[in-house]
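User: Hey, I'm new to this one. Can you walk me through it?
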Amino acid sequence: MFEFRMGRAQIVGSYCNGRSLMKSPVFRVISNPRPTAVIVTCIDPRFEEAFDEFPIKVLGLKKGQYIHMKIGGGPTPLAHPKGMPSRCKYLAKQVKFTCTKFPITRAVFISHEDCAYYSQFPCSCHASDKERRDLPNVGSLMQPLLPSQRVELYHFKFTPEVFGGSQLRRPIGH
């Protein structure tokens, strides 16, 4: 059974231009994490609350049972290995390292509607619902790289009634 214990961490020093910035506050840490999932999401602050609640409410995980990797575009580079080869390779290596370093059994990739990262593409290939339609490509690339992990794909989109509200959609296929 997973036992959640908290410890403490303190900033030893924080400096900017040679000047001390603050007193050293103490922060909580997880002293015995046992992550079984890695979750890759975008950094878009509009979805931050949804991304933070998702592992607990949908995946049934507690803090310390997952590693949340936030990166611009989330899994987008993994859907486009030819269009973004260095970004794709970097992210795939980071996820693989995490799965090797920790007892990860699930690799979860979450895209979201209206992702600004698509403006990074060399061509203007962003079309409606492209983020969701790209997810199966992520699964096709990552499942062979992570044969011991279950690859899960999810997509968030805004609810029609409230801008900023979000709902979860899981695409068919993975």
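Predicted model: local features only at pLDDT ≥ 70, side-chain atom pairs only at ≥ 80, totals over all residues.

User: OK, so how many residues does helix H4 have, and how far does it reach?
Analyst: H4 covers residues 130–145, which is 16 residues, and it reaches 24 Å from its first C-alpha to its last. That is close to the 22 Å expected.

User: Which residues of H4 are buried?
Analyst: Lys130, Glu131, Asp134, Leu135, Val138, Gly139 and Met142.

User: And what do they pack against?
Analyst: The buried residues of H4 pack against helices H2 (76–79) and H3 (85–101), plus strands S7 (106–112) and S8 (150–158).

User: Switching topic: how many salt bridges are there in the whole structure?
Analyst: A search finds seven. Among them, aspartate 44 pairs with arginine 46, with the closest N and O atoms 2.6 Å apart.

User: Is aspartate 44 buried or exposed?
Analyst: Buried, at 11% relative accessible area. Arginine 46 counts as partly exposed, at 29%.

User: What else does arginine 46 form a salt bridge with?
Analyst: Aspartate 114, with the closest N and O atoms 2.8 Å apart. Arginine 46 sits in the loop between S5 and H1 and aspartate 114 in the loop between S7 and H4, so the pair ties together parts 68 residues apart in sequence. Asp44, Arg46 and Asp114 are linked in a network of salt bridges.

Key:
Residues numbered from 1 in each chain as written. Heavy atoms only, no water. Helix = DSSP H or I, 4+ residues; strand = E, 2+ residues; numbered from the N terminus. Expected span 1.5 Å × (residues − 1). Buried < 20%, exposed > 50% of the residue type's maximum accessible area, 1.4 Å probe, protein only. Contact = heavy atoms within 4.5 Å. Salt bridge = Lys/Arg side-chain N within 4 Å of Asp/Glu carboxyl O.
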